[in-house]
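Colleague: Please take one part of this model and go through it closely, residue by residue. I would like a connected account that I can follow with the structure open.

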Amino acid sequence: MAAAGPYTLAELAAALGARLEGDPGLQVRGVAPLETAGPEEVSFAWGARHGRAAVGPFAVVERRARIGRGSRVGALCFVGEGARLGEDVQLYPRVVVRDGVQIGNRVIVHSGAVLGADGFGYAFDGHAHRKIPQVGGVRIEDDVEIGANTTVDRATLGVTVIGRGSKLDNLVQVAHNCEIGEDVLLVAQVGVAGSCRIGSRAVLAGQVGVADHTTIGAGAIITAMSGVRGEIPAGTVWSGIPARPTGEFRRIWAAQGRLPDLLRRIRELEARLGELEKRSK
């Protein structure tokens with residue numbers, strides 16, 4: 001009778017006459033179905049249904065994580081404990097999906113993105129900034145695409161949500177407890193502070209900054225490099241720092257170009273007024 005395990009993959013391949021792809025020194029301690037297998041257990045797959053699920057070299061999938069049919073986890077990715085990936089999800093190399101993050105179907109996440117890092121929450125006690133535990137979650141709904149080196153922080157309590165069909169460009173930051181609606185576009189270097197609400201089909205152009213607890217209505221457009229706070233009505237277009245309706249912003253911008261000439265004319269009028277005052281004495 002053969003000795004009880006563990007066995008290396010090389011030993012199993014030799015015993016089965018099989019071709020090995022992977023680390024020959026990796027030890028195996030048991031057998032389990034795909035739905036429950038852990039990092040030290042082997043399983044089996046057959047047909048196209050199982051052949052399309054793939055985990056790349058040096059990727060880590062923690063216990064109780066679930067990866068849906070047809071999903072692909074690239075090299076050096078990390079999928080944390082209890083995380084859930086739906087069907088046909090694509091994680092490109094070096095994506096981090098932290099514990100408990102929920103990802104829907106047909107989601108694409110590009111390299112370097114981090115989903116579920118701690119929100120930026122601290123309380124000053126008179127001596128130091130004390131960390132507030134961030135124990136909420138992140139939910140990425142169906143058909144979302146997340147760009148390279150983008151971060152979506154977990155909620156302090158509750159859930160940070162990226163709505164169905166929304167697209168986040170590279171280098172976007174979404175802070176804790178934000179709710180991003182459906183089909184929203186966040187262009188490169190947008191930063192959204194904590195507890196913001198962005199309505200469906202809104203568009204935030206490059207480098208827009210959104211202050212905490214801001215609400216942006218459905219279909220609103222914020223033009224590039226604007227700074228937003230407060231309430232932005234649905235379907236409106238805003239620009240500038242601080243952001244204001246774009247028509248008003250353009251009038252102010254046009255007036256700014258005339259300021260040097262207006263100041264010169266004011267100085268001339270002050271000088272003439274001074275001369276008149278001298279003559280009247």
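**A loop and the sheet beside it**

Modeller: Asn 149 has a relative accessibility of 44%, so Asn 149 counts as partly exposed. The scale calls a residue buried under 20% relative accessible area, exposed over 50% and partly exposed in between, using a 1.4 Å probe and protein chains only. The model is predicted, so local features need pLDDT of at least 70 and side-chain atom pairs pLDDT 80 or more, while totals for chains, interfaces and linings use all residues. Residues are numbered from 1 along each chain as its sequence is written, and side-chain values use heavy atoms, leaving out hydrogens and water.

Asn 149 is in the loop between β19 (145-146) and β20 (151-153). Strands here are DSSP runs of E with at least two residues, numbered from the N terminus. The phi of Asn 149 is positive, about 60 degrees, although Asn 149 is not a glycine.

Thr 150 is in the loop between β19 and β20 too. Thr 150 has 0% relative accessibility and therefore counts as buried. Contact means heavy atoms within 4.5 Å. Apart from residues up to four places away in sequence, Thr 150 touches Ala 113, Val 114, Leu 168, Asp 169, Asn 170, Leu 171 and Val 172. Gln 173 is 23 residues from Thr 150 along the chain, yet their C-alpha atoms are separated by 6.0 Å.

Beyond β20 comes the loop between β20 and β21, where Arg 154 is placed. Arg 154 is buried but has no salt bridge, and Asp 118, the nearest side chain of opposite charge, is 4.1 Å away. A salt bridge needs a side-chain nitrogen of Lys or Arg within 4 Å of a carboxyl oxygen of Asp or Glu. For charge, Lys and Arg count as positive and Asp and Glu as negative, with His and the chain ends not counted. The side chain of Arg 154 does reach the backbone oxygen of Gly 116, at 2.9 Å.

The next element to follow is β21 (residues 159-162), which is joined by four bridges to β18 (residues 137-140) and runs parallel to it. In this pair, Ile 140 is opposite Ile 162. On β24 (residues 179-180), two bridges connect to β21, again in parallel, and Val 161 is opposite Glu 179. Two strands count as paired if DSSP finds at least two bridges between them. Strands of a sheet pair through backbone hydrogen bonds, either parallel or antiparallel.

These strands belong to an open sheet of nine with parallel pairing, in the order β7-β10-β13-β18-β21-β24-β27-β30-β33. β7 (66-67) and β33 (231-232) are at the edges with a single partner strand each, so one side of each has no neighbour in the sheet. Further along that order, β27 (residues 197-198) and β30 (residues 215-216) run parallel and share two bridges, with Ile 198 opposite Ile 216.

Technical notes
Polar contact = N/O pair within 3.5 Å; in protein donor to acceptor, adjacent residues only side chain to side chain.
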